[in-house]
Amino acid sequence: MLFSSYTFLFQFLPAVALAFAAARRHSPRAGILVLAVASLFFYGAWKPVYLVLLIASIGANFSLGLLMEDGSRRRAVGMLGVALNLALLCYFKYTNFIFDSISTLTGAPLPFVNVVLPLGISFFTFQQIAYLVDVMRGAKVERDIVAYTLFVSFFPHLIAGPLVHHAEMIPQFKRGRTSRSAALAARGLAIFAAGLFKKVVIADNLAQFVSPVYAHLDAGGAVTPSWAWLSTLSYAFQIYFDFSGYSDMAIGLALLFGIRLPVNFRSPYKATSIIDFWRRWHITLSRFLRDYLYIPLGGNRLGERRRYLNLMLTMLLGGLWHGAGWNFLIWGGLHGVYLSLNHRWQKWRGAAPKAASSNHLADIAAWAVTFSAVVIAWVFFRAKTFAGAWAVLSAMFGFGGGSSSYVSPGILRVMDLPILVSEERLLAIGSAAVALSLALALFLPNVAELYGDREYRRAVEPSRGPRWRPNFAWALLSALAIAVSLFGMWQRLEFLYFQF
């Protein structure tokens, strides 16, 4: 069930909101029980058989947590739990990748296993691994099965994040009534409208400049430099507006129920270094990789060489988390190299990153280098084959093309409505769409700044620009965003991060 679907908006969400409001009048626990049942129903609506998998995962990890109350076996049980979670993830996500890799290296004909990847398995598995590790480190064991189930399965973040932490979610489920529920709901609806617009109006319309080109390349074709640059830049903004749109919708939906989710994006394309980029992009994944992988590996405490090795290992595994393929490993490896070079550059300069700079030309140059590096890495993230990625990069830098170069049919799709145009005009329209997307990403405030949304137990972020207010003008703007989005929702394009 997609957030950007009529079934979700006009059936599931109103029913859950009304049931929650009625149950909440009785008690906070009744409210979270309604949300837990609704979240399990939401997941089961996709493929009921995998609801059994989710429930089994929740039950097993909750039971392991209870067993860890015995300090003498806490570490052993915790390590067993982490191993079981990783084994589950590896089976569903990496079986065929491992078999294909062994077959390629050894020549042994290994069987193809038709394993369907359960939606959200990377997210709910990592969240439960974090819970078990925290209990091993001394965190309190959760004894309320309903609260734990909702922590794992809460439908706004279940499928594609943000990755949440038990210590920031479960206390919110258990607290009493909030006196600001109406204000939170109004803010949530406004944020949801913004996220829906990002997904349906911006990201889904950029897809037409990406999908056919990369499909042609992955099938062995070539591409001209114009289409290589347009498709790659379009993808850079498609994935940003698609994923940040999902995260915004998740935050908005959670606020309808008085729950605050962590911010996942803080204008990442404004970053002036790769270090800065990863503080802004998919923030909750960066937090997880830092706290549960990079720091346990030694972080920067064991010398410079070990620091760079830890960075590389962390980003390689981060790439593999996104997908079972060599291209994802290359993408992660590139970012590992970028981060290592960035840290080395800072050490060579002998200064820590500065909050602000008086040299605007240096800032612009740093932004251009950072953005270019990110875009080049996106090629490997999007292409399904190494040959396809290499063909894109070859064309982008002027030594690609050929008789099998991609030729567009010259059809522009606006909300999937076809309009016949020439290929030259389509390239011009696509370039204008990319330029507009860049302007939106660079010059508009992000959700935390614009809507004054704050995370659990944190202050509201300062903003020098416009700020949302619960008034008629903002309500009209949100209604317009939803109305335009409703017109294009019948395309039913999945969120890009569903595949991860």
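A salt bridge is taken here to be a side-chain nitrogen of Lys or Arg within 4 Å of a carboxyl oxygen of Asp or Glu. The model is predicted, so local features need pLDDT of at least 70 and side-chain atom pairs count only at pLDDT 80 or more, whereas totals for chains, interfaces and linings use all residues. Residues are numbered from 1 along each chain as its sequence is written, and side-chain values use heavy atoms, with hydrogens and water left out.

**Salt bridges**

By the rule above, the count comes to 13 salt bridges.

| Arg 280 | Asp 276 | 3.1 Å |

Burial is judged by relative accessible area (buried under 20%, exposed over 50%, partly exposed in between, with a 1.4 Å probe and protein chains only). Arg 307, with a relative accessible area of 16%, is buried, whereas Glu 304 is partly exposed at 26%. Helices are DSSP runs (H or I, at least four residues), numbered from the N terminus, and both Arg 307 and Glu 304 lie in helix H14, three residues apart, about one turn of the helix. An α-helix has 3.6 residues a turn, so residues three or four places apart point the same way. Elsewhere, Lys 199, Asp 204 and Asp 242 are linked in a network of salt bridges.

The buried residues include Ile 283, Phe 288, Leu 289 and Tyr 292, and the buried residues of H13 pack, by contact (heavy atoms within 4.5 Å), against helix H5 (121-136), H12 and helix H14 (304-322). His 282 lies in the loop between H12 and H13 (283-294); this residue has a positive phi of about 40 degrees although it is not a glycine, and at 0% relative accessibility His 282 counts as buried.

**Other backbone features**

Ser 267, in the loop between H11 and helix H12 (274-278), also has a positive phi, near 50 degrees, in a residue other than glycine, and counts as buried at 3% relative accessibility. The peptide bond from Gly 161 to Pro 162 is cis, with omega near 5 degrees, and Pro 162 is placed in the loop between helix H7 (155-158) and helix H8 (166-174).

**Helix packing and a buried aspartate**

Helix H2 (residues 28-44) and helix H3 (residues 48-67) pack at about 135 degrees with their axes 8 Å apart, where axes are lines fitted to C-alpha atoms over the stretch in contact and angles run from 0 to 180 degrees between N-to-C directions. Angles under 35 degrees count as roughly parallel, over 145 as roughly antiparallel, 65 to 115 as roughly perpendicular and the rest as oblique, and H2 and H3 are therefore oblique to each other. Residues making the contact include Leu 40 and Tyr 43 of H2 and Leu 51 and Leu 54 of H3.

Asp 248 lies in helix H11 (residues 225-256) and counts as buried at 6% relative accessibility. Not counting residues up to four places away in sequence, Asp 248 touches Ile 191, Phe 192, Gly 195, Lys 198 and Val 447.

Methods:
Helix = DSSP H or I, 4+ residues; strand = E, 2+ residues; numbered from the N terminus.
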